[in-house]
Amino acid sequence: MATATNYTIRLDADLRRESETLFSELGLNLSTAINIFLRKALEDGGIPFEVRRRPNATTRAALREADRLLNDPNTKWYDSSEEMFAELDK
C-alpha cells in the first residue's frame, strides 16, 4: 500500500459543503472522492471528463444563424472565396 500524504487546497466554502453532502450520500468522503478523480485522470491520461467553454450569447446567436443558413435551400453557396468576393464586387 502506498504511503499517504497530506495536500492542502483552497475551496469555496459552498462548493466544499455541497460536495461533502453529495459524496456523503454516495457513501464517500471528500478525500476519497478526490482520490477517485485523480486515479481516473491517471488511468485516462487526462481529465476524465470533457472540459470546454460554453459559448456566450453572441456566439450562440451566430451558431443558430449558421444552422439556419445551412438548412435554408435559398442560401447561396460558393466554390471558392474568389468567387464570393467577385460577386461582392458587382
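1. The side chains of D14 and R17 pair in a salt bridge, with N to O at 2.8 Å. The term covers a side-chain nitrogen of Lys or Arg within 4 Å of a carboxyl oxygen of Asp or Glu. By this rule there are eight salt bridges.

2. On provenance: this is a predicted model, where local features need pLDDT of at least 70, side-chain atom pairs count only at pLDDT 80 or more, and totals for chains, interfaces and linings use all residues. Residues are numbered from 1 along each chain as its sequence is written, and side-chain values use heavy atoms, leaving out hydrogens and water.

3. Both D14 and R17 sit in helix α1, residues 13-25. They are three residues apart, about one turn. Helices are DSSP runs (H or I, at least four residues), numbered from the N terminus. D14 is partly exposed at 39% relative accessible area. R17 is partly exposed too, at 46%. Partly exposed lies between buried (under 20% relative accessible area) and exposed (over 50%), using a 1.4 Å probe and protein chains only.

4. R16 and E20 also form a salt bridge, 3.0 Å from N to O. They are four residues apart in helix α1, about one helical turn. R16 is partly exposed at 45%. E20 is partly exposed at 33%.

5. Helix α2 spans residues 30-44. Here D44 bridges to K40, with the closest N and O atoms 3.2 Å apart. The two residues are four apart, about one turn of the helix. D44 is partly exposed at 40%, and K40 is partly exposed at 34%. Salt bridges with shared partners link K40, E43 and D44 into one network.
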